[in-house]
Amino acid sequence: MSDQVAESASGSRKGSRGKGKGKRRSTGSESRGADSSNWRVREQPESGGADSSTWRAVREPEVEASAPATESQQGGEGDRKRQPGGKGKGKGKSKHKNKERNDGDEGFKDQSKDTKNPSQVRKERKAPELSRMQTPEYGSVTERLADQLSRGTYDCMICLNKVKPSHQIWPCDQCWAVFHLKCIKSWIQRCNSAGGLEFDWACPGCRYHRVDLMPKYSCYCKKLDEPELNPHWLAHSCGDVCEKDRGCPHKCPELCHPGPCPRCTAVGGPGRCHCGKESSETTRCGDPKQWSCGAPCGRTLSCSLHSCKARCHQGPCPPCAETSQESCYCGKTEEMRLCGQSEFSCRKPCGKLLDCKEHFCERECHPGDCGTCLRDPVRWGDRCACGKTYNCSHESARARLRRFVGVRKRCSQPLALCNQLCMKRHERCSHLCEKNCHEGSCGQCEAKVQRECRCSRTRREVVCSEVGDVTCHQVCRTKKTCGNHKCDTVCCEGFNNRNHEAHICLQVCGRPLSCGNHTCEEFCHLGNCPPCRVVVHEPIFCACGKNSIEPPSACGREAPNCQEPCAQLMDCGHVCPATCHQGEHPMCYEPVDRLCLGGHMYMKNKPCHVGSISCGQSCGKQLACGHSCSSQCHAGECKDCSKPCGARRVHCSHTCQAPCHPGSECEDTPCRCKVKQACPCGQRVEERSCGAYSELRRPQWPALRCLPSCERPSLPPFPEGEPVKYTADLFQLASQHRRYVQMLEETFATAILSRKGTDSSVPGRTPATASQLQALPSCESSRRLLAIEYARLHWRFKTSSKSDAVEGWWQVSVAATASSRFPRPLLSEIASSSGSSVSGHISMALSSRPCLRFVGLKSLDEVYDLVSAADGLLGVRSSDGHGGEAVAFVERGALGANLFRRLTGQEPGADLVPVRTHSAWGQPSPGATRLRVKLEQTLTSGSRTAPRPKPQLDAWESKE
């Protein structure tokens with residue numbers, strides 16, 4: 001066959017060396033016989049000899065009878081169809097062949113005048129089976145491997161990935177399976193723990209056992225190591241003739257190929273069948289000279305009664321298979337025996353009556369006569385029962401015998417017994433009888449022996465006569481031949497031997513096949529399951545029913561690709577935007593507005609398939625206990641309340657901190673809430689538990705006194721500062737907390753001096769960082785208000801405050817700025833003075849001043865960041881007690897209106913307006929979206945635009 005292919009390739013080279021472009025034609029009908037019309041041969045267009053031409057065998061569907069004859073039948077093999085404008089260099093035969101081909105093309109054009117597109121002509125000439133099945137059919141293993149390896153669709157059985165033409169491979173010469181070279185090397189290394197040049201392993205596909213060197217990459221015929229990828233050759237091929245040994249004198253003439261070599265087609269000598277009924281003058285090379293004709297053999301069997309009924313076979317005929325009812329030698333057992341094997345022993349005691357007419361034969365079932373009785377006096381002689389003592393009938397032997405019987409005259413008389421051990425060998429083992437001299441059988445052997453269990457992992461001491469295998473309780477756990485399952489037999493005889501017959505896996509694979517409709521019915525195996533063999537004899541329609549595939553079709557084949565729109569209504573009510581498809585509709589991405597899970601708000605422009613989602617807000621639903629649900633927006637019932645009870649305790653002002661307990665009263669236990677108490681200067685702060693309950697109602701503790709540690713080093717005289725006036729409210733607070741005001745002034749002065757670099761002259765005082773906030777001792781609400789207003793408005797300090805862990809207490813921090821100053825006079829001086837000297841430095845109370853109401857605050861410091869003392873700010877008071885709402889008092893209504901315009905960009909009105917201006921510190925207002933403000937006093941009459949609640953000044957009450 002290779003010679004014909006080579007001729008075809010050489011013919012192609014002679015007639016196709018033109019410069020014009022042309023499509024390659026299939027030209028193999030004459031060179032490959034009648035069956036080669038279904039093959040497509042890709043030949044090498046360049047020179048290289050007959051041996052270098054490569055071919056690629058792929059099964060093609062047969063062409064309909066109405067199709068015109070191919071050019072290969074008219075113009076010879078290997079010619080190339082010329083395109084218009086091509087300049088060919090071929091001469092002689094090639095020119096003549098091209099002329100004939102053009103004539104054939106004209107005839108073909110006459111038959112299909114209406115067809116202008118060559119691709120449509122090829123589609124019309126294609127067999128209907130190929131258009132329906134789409135699955136290539138292969139005539140042999142070689143064809144399948146050649147096609148799959150060239151297209152890169154072959155699956156490696158180890159890694160289950162595709163074997164590409166550029167990968168290095170190793171083919172098995174037993175099962176012809178192909179593996180990645182790196183995969184088979186990894187397989188071999190896992191099978192061998194010790195190093196060396198040779199490795200002991202088995203093929204993953206066929207389990208063929210090998211002891212060989214590490215495989216290397218070579219072509220299929222093993223002539224060329226590491227063949228290069230060539231588009232003109234078959235993948236992994238050297239392009240040379242195979243020349244493998246096929247078991248006959250002729251080498252393989254095909255080009256280097258995967259899989260088994262084809263059978264030799266040479267003619268051999270004469271031959272005949274085994275029984276001689278058929279004969280032939282010639283045989284095929286490589287075929288045996290004798291074969292089976294399939295007819296009954298007919299030769300006479302060894303029994304000389306019947307003839308051989310087996311099919312024509314090699315060698316002697318098998319034993320006769322005819323059976324008959326036969327009896328054993330003793331006649332106790334009857335069995336169906338094969339012809340020629342009628343005599344047999346049942347292995348039981350014979351039991352026939354002996355000549356003495358008193359005893360029965362104790363021998364195993366035997367042929368022939370039973371003989372005389374063993375106990376006959378003549379046959380037994382003058383011996384004891386064990387046979388070790390003689391002359392037992394004389395009186396002189398009485399002393400040596402355990403039982404003396406004298407002279408025996410009949411076989412029924414007992415035997416003499418000596419005092420020695422029997423020491424006869426047992427019939428079923430090699431042990432000796434250790435009983436005293438006795439008559440009859442020795443019985444079962446009672447010797448103790450060590451026996452291995454079936455799996456040979458344990459040994460046990462048993463009685464020698466015990467019948468049956470010794471078993472242990474260990475499970476085998478050896479992998480079966482499939483490599484997937486493990487043996488779970490207890491004490492398995494094939495332990496640690498994977499190829500033992502007990503480890504042949506007989507489980508059905510049962511994995512779903514690629515069709516998705518059936519399961520694999522093969523025995524458990526490695527690798528991918530075979531394709532489904534079921535053929536569907538009904539049309540396969542698309543989802544809309546407009547396109548179909550006519551039967552027969554392979555099971556699991558997908559429906560035809562239809563480009564029509566689906567246009568079906570989905571469950572959500574929208575129309576499916578996808579094309580015609582099987583199964584469920586794709587997810588709907590239409591933008592819709594959906595109410596959140598908790599019903600708080602509508603989520604805008606959400607994909608339809610998402611459904612309701614959480615808006616992220618707090619649930620806020622009222623629980624049975626009276627609290628609101630603090631979980632994130634959710635669906636369904638709210639969880640049990642996890643907040644503290646919060647009910648006001650009876651004996652103190654704190655709330656119950658126990659977990660929420662609706663329906664039951666709060667426990668009467670000492671209050672565990674923390675309370676603080678400060679000394680007059682505020683530097684000494686003590687914390688303790690409240691402890692109030694029914695037996696100790698509203699406990700009172702003595703006021704704290706200042707300790708010597710509260711005394712602070714004296715400061716140098718303060719420089720003259722700017723004259724200021726204090727509001728009556730601030731003066732009242734300072735009068736109640738004089739020692740605290742003095743501590744504040746010393747702290748503020750130290751901060752200013754530290755910023756100016758003169759703090760080093762103060763003895764016993766640690767310098768402070770100018771840009772860092774300095775924390776004041778914890779204080780209650782009244783002292784916090786005093787510290788913030790005094791520092792902000794009169795010392796021009798920056799402040800920051802946050803709530804303390806103890807309810808009603810605060811942590812205040814201050815920092816000096818570039819505009820910080822010393823006020824004149826100090827607030828402590830005014831608070832300690834009296835008379836007319838004080839009235840000149842005190843202004844009216846805040847309640848008579850115009851104000852700006854701020855809503856949505858986080859702390860009072862936020863108001864001071866928006867409005868400063870330079871803007872006419874006189875003080876800030878909280879309206880709700882929590883800092884969320886505050887009132888800022890200014891000197892005049894005109895200043896308040898200007899501040900309102902600067903903060904909001906609007907004219908004052910009756911409504912709250914969002915703040916949008918920058919803070920006094922040069923940063924954008926952090927509450928630009930949540931903070932709102934309103935002016936609450938007109939500019940003309942001084943009357944307020946709306947009634948305002950009285951600012952909470954109860955915190956001013958002194959505790960000193």
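Which residues in α10 meet which residues in α12? Leu-730, Leu-733 and Ala-734 are the ones in α10, and their partners in α12 are Ser-782, Leu-785, Leu-786, Glu-789 and His-794. Contact here means heavy atoms within 4.5 Å. Ala, Val, Leu, Ile, Met, Phe, Trp, Tyr, Cys and Pro count as nonpolar, Asp, Glu, Lys and Arg as charged, and the others, Gly among them, as polar.

Some ground rules come next. This is a predicted model, in which local features need pLDDT of at least 70 and side-chain atom pairs count only at pLDDT 80 or more, while totals for chains, interfaces and linings use all residues. Residues are numbered from 1 along each chain as its sequence is written, and side-chain values use heavy atoms, with hydrogens and water left out. Helices (H or I, at least four residues) and strands (E, at least two) are DSSP runs, numbered from the N terminus.

Two packed helices are described by the angle between their axes and the distance between the axes. Take α10 (residues 728–736) and α12 (residues 781–794). They pack at an angle of about 125°, and their axes are 10 Å apart. Axes are lines fitted to C-alpha atoms, for helices over the stretch in contact, and angles run from 0 to 180 degrees between N-to-C directions. The two helices are therefore oblique to each other. Angles under 35 degrees count as roughly parallel, over 145 as roughly antiparallel, 65 to 115 as roughly perpendicular and the rest as oblique. The crossing of α10 and α12 is left-handed. That term applies if the near helix is turned anticlockwise from the far one by less than a right angle; clockwise makes a crossing right-handed.

Helix α12 has another partner, α11 (residues 738–756). The angle between α11 and α12 is about 40°, with the axes 11 Å apart. This pair is therefore oblique as well. The crossing of α11 and α12 is right-handed. On the α11 side, Tyr-740, Val-741, Leu-744, Glu-745 and Phe-748 take part; they meet Arg-783, Leu-786, Ala-787, Tyr-790 and Ala-791 in α12. This contact has eight nonpolar, no polar and two charged residues.

Now look at α12 itself. At 1.5 Å a residue, its 14 residues should span 20 Å, and the end C-alpha atoms are 19 Å apart, which agrees. The expected span is 1.5 Å times one less than the number of residues. Of the 14 residues, 13 are buried, so α12 is largely enclosed by the rest of the structure. Buried means under 20% relative accessible area, exposed over 50%, partly exposed in between (1.4 Å probe, protein chains only). After α12 comes Arg-796, with a positive phi near 55°.

Positive phi turns up in loops too. Leu-160 has phi near 65° and lies between β1 (154–155) and β2 (162–163). At 45% relative accessibility, Leu-160 counts as partly exposed. Glu-243 has a positive phi of about 60°. Its loop runs between β6 (209–213) and β7 (267–268). Glu-243 is partly exposed, at 47%.

Other loops hold cis peptide bonds. One runs from Pro-551 to Pro-552, with omega near 0°. Pro-552 lies in the loop between β20 (548–549) and β21. The bond from Arg-824 to Pro-825 is also cis.

Finally, Gln-582 sits in the loop between β21 (553–554) and β22 (591–595). Leaving aside neighbours within four places in sequence, Gln-582 is in contact with Phe-541, Cys-542, Ala-543 and Ala-559.
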